[in-house]
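Please consult the sequence and the structure shown here while reading.

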Amino acid sequence: MKVEIICKNYRLDENFKSLIEKKIDRLDKYFDNDATAKVKLGKQGGSFTTDVAINWKGKVIRSVSETLRMEDNIDIIIPKLERQIIKYKSKFTDKNKTGAMPLIEEPEENTEKPSVVKVKKFAISVTTVENAIEEMSMLGHDFYVFLNGDTNKVNVLYKRTDGNLGLIEPEY
């Protein structure tokens with residue numbers, strides 16, 4: 001598996017780089033040699049963030065961890081990624097190629113698929129992004145759906161894990 005490491009506000013030494021590559025190589029058994037892993041390392045304030053995205057034949061699995069020690073992040077992420085690969089093995093199985101991505105069969109814990117348990121209907125308001133930020137803050141919600149008055153399209157404003165806000169602007 002090809003591994004690409006990107007650092008932001010973090011200085012990577014060779015020992016930690018080789019440790020990351022070694023741990024990600026554990027996941028190589030699930031893929032043929034077409035897989036690539038993009039590892040993003042960063043420091044913000046007093047915490048360290050690691051984001052690993054594995055791309056294989058157009059499909060992506062991703063995991064993020066934020067702790068006080070960078071070394072802990074990789075130990076948290078690798079098992080999470082492995083569970084995701086096993087859970088979604090049917091999406092990653094290459095039906096045209098035998099032998100690609102051999103999987104370890106593990107007993108499934110919960111085979112029930114999630115279902116919609118509540119439907120909420122609400123009137124959507126026409127507003128600006130700035131007003132949507134205020135509304136979301138006043139409501140104490142993590143996201144806010146609104147009709148953007150500038151673009152006349154439905155947008156979703158959401159709180160990111162880094163404390164900032166994100167805006168989803170669908171294209172249709």
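The second largest pocket has a volume of about 550 Å³. A pocket is defined on a 1 Å grid over the protein atoms alone, as an open set of points with protein on both sides within 12 Å along at least five of seven lines, and its lining residues have an atom within 4 Å of a point. Grid points are joined across faces, edges and corners, and the volume is the space filled by probe spheres set on the points. Of the 18 lining residues, Gln-44, Thr-49, Asp-51, Arg-160 and Asp-162 are the closest to the centre of this pocket. The elements that give two or more residues to the lining are E1, E2, E3 and strand E4 (59–67), and E2 provides the largest share, five residues. By type, the lining comprises four nonpolar, six polar and eight charged residues.

The model is predicted: local features need pLDDT of at least 70, side-chain atom pairs count only at pLDDT 80 or more, and totals for chains, interfaces and linings use all residues. Residues are numbered from 1 along each chain as its sequence is written, and side-chain values use heavy atoms, without hydrogens and water.

The chain as a whole has four helices and eight strands; helices (H or I, at least four residues) and strands (E, at least two) are DSSP runs numbered from the N terminus. Their order along the sequence is β-α-β-β-β-α-α-β-α-β-β-β. Of the 172 residues, 28% are buried, where buried means under 20% relative accessible area, exposed over 50%, and partly exposed in between (1.4 Å probe, protein chains only).

| Helix | Number of residues | Span between end C-alpha atoms | Expected span |
|---|---|---|---|
| H1 | 12 residues | 16 Å | 16 Å |

The expected span is 1.5 Å times one less than the number of residues.

Which residues of H1 are buried? They are Phe-16, Ile-20 and Ile-24. Seen down the axis of H1, these buried residues fall within an arc of 70 degrees, so they line one face of the helix; the arc is that of the directions from the helix axis to the C-beta atoms. An α-helix has 3.6 residues a turn, so residues three or four places apart point the same way. The face of H1 turned away from its buried side carries the exposed residues Glu-14, Asn-15 and Lys-22. The cover over the buried residues of H1 includes strands E1 (2–8), E2 (36–44) and E3 (47–56), together with helix H2 (70–87).

The buried residues of H2 include Met-70, Ile-77 and Ile-86, and also Asn-73 and Glu-82.

Terms used: Contact = heavy atoms within 4.5 Å. 1 Å grid on protein atoms, 1.4 Å probe; cavity = no way out; pocket = protein on both sides within 12 Å on 5 of 7 lines; lining within 4 Å. Nonpolar A, V, L, I, M, F, W, Y, C, P; charged D, E, K, R; others polar.
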